[in-house]
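The questions below ask how the labels attached to a structure follow from their definitions. Each answer sets a value against its cut-off and concludes.

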Amino acid sequence: MVGTAKAANGLPGEQVNHYSMLMSASQPLVADEVLDSYDIRAHRCLLDVGGGEGVFLCAAARRAASLRLMLLDLPAVAERARARFAAAGIADRAEAIG
């Protein structure tokens with residue numbers, strides 16, 4: 001279903017797949033570097049604009065158990081992030097907005 005979702009701007013899910021997969025594969029190294037340099041535990045909410053499939057927010061969730069997470073991206077990409085949040089067990093505190 002994710003591959004066939006149609007974004008509000010007319011960009012279907014299958015057109016975002018390759019880029020989303022590339023960004024998701026490269027994001028863990030960047031996420032660790034950023035999160036190692038700044039302690040996010042003092043915050044209540046983290047918004048990732050253009051957050052892709054939510055790799056960065058999943059990494060942040062592992063470091064701050066009470067942090068509310070929000071992601072904003074294209075609708076077809078936000079759908080992929082929601083699936084990642086559910087698989088990571090953080091769907092109750094993570095929201096993806098398309």
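Q: What makes a residue buried, partly exposed or exposed?
A: Buried means under 20% relative accessible area, exposed means over 50%, and partly exposed lies in between, with a 1.4 Å probe and protein chains only. The structure is a predicted model, in which local features need pLDDT of at least 70, side-chain atom pairs count only at pLDDT 80 or more, and totals for chains, interfaces and linings use all residues. Residues are numbered from 1 along each chain as its sequence is written, and side-chain values use heavy atoms, with hydrogens and water left out.

Q: Which residues of helix 3 are buried?
A: In helix 3 the buried residues are Ala 76, Val 77, Ala 78, Arg 80, Ala 81 and Phe 85. Helices (H or I, at least four residues) and strands (E, at least two) are DSSP runs numbered from the N terminus.

Q: How do you know that the span of helix 3 agrees with its number of residues?
A: The expected span is 1.5 Å times one less than the number of residues. For the 14 residues of helix 3 (residues 75-88) this gives 20 Å, and the end C-alpha atoms are 20 Å apart, so the two values agree. Gly 89 follows helix 3 and has a positive phi, near 75°.

Q: What pattern do the helices and strands follow along the sequence?
A: The chain has 3 helices and 3 strands, and their order along the sequence is α-β-α-β-α-β. Buried residues account for 41% of its 98 residues.

Q: Why is helix 2 called mostly covered?
A: Of its 9 residues, 7 are buried. These are Val 55, Phe 56, Leu 57, Cys 58, Ala 59, Ala 60 and Ala 61. Cys 58 has a relative accessible area of 8% and is therefore buried. Arg 62 is also placed in helix 2, but its relative accessible area is 65%, so Arg 62 is exposed.

Q: Why is Leu 35 called buried, and what does it touch?
A: Leu 35, in helix 1 (residues 13-37), has a relative accessible area of 6% and is therefore buried. A contact means heavy atoms within 4.5 Å. Leaving out residues up to four places away in sequence, Leu 35 touches Ile 40, Phe 56, Ala 59, Ala 60 and Arg 63. The C-alpha atoms of Leu 35 and Arg 63 are 8.3 Å apart, although the two residues are 28 residues apart along the chain.

Q: What makes Glu 53 and Arg 84 a salt bridge?
A: A salt bridge is a side-chain nitrogen of Lys or Arg within 4 Å of a carboxyl oxygen of Asp or Glu. The N to O distance between Glu 53 and Arg 84 is 3.0 Å, and the pair is a salt bridge. Glu 53 lies in the loop between strand 1 (45-49) and helix 2 (55-63) and Arg 84 in helix 3, so the pair ties together parts 31 residues apart in sequence. Glu 53 is buried because its relative accessible area is 9%, while Arg 84 is partly exposed at 28%.

Q: How do you know that Arg 68 and Glu 95 form a salt bridge?
A: Their closest N and O atoms are 3.2 Å apart, and Arg 68 and Glu 95 form a salt bridge. Arg 68 lies in strand 2 (residues 68-72) and Glu 95 in strand 3 (residues 94-97), so the pair ties together parts 27 residues apart in sequence. Both count as partly exposed, Arg 68 at 38% and Glu 95 at 32%.

Q: Why is Asp 39 called partly exposed?
A: Its relative accessibility is 43%, so Asp 39 counts as partly exposed. Asp 39 forms a salt bridge with Arg 41, with the closest N and O atoms 2.8 Å apart. Arg 41 is exposed because its relative accessible area is 57%. By the same rule the count comes to 6 salt bridges.

Q: How many disulfides does the structure hold?
A: A disulfide is a pair of cysteine sulfur atoms within 2.5 Å, and the structure holds 0 of them. Cys 45 has a relative accessibility of 38% and therefore counts as partly exposed.
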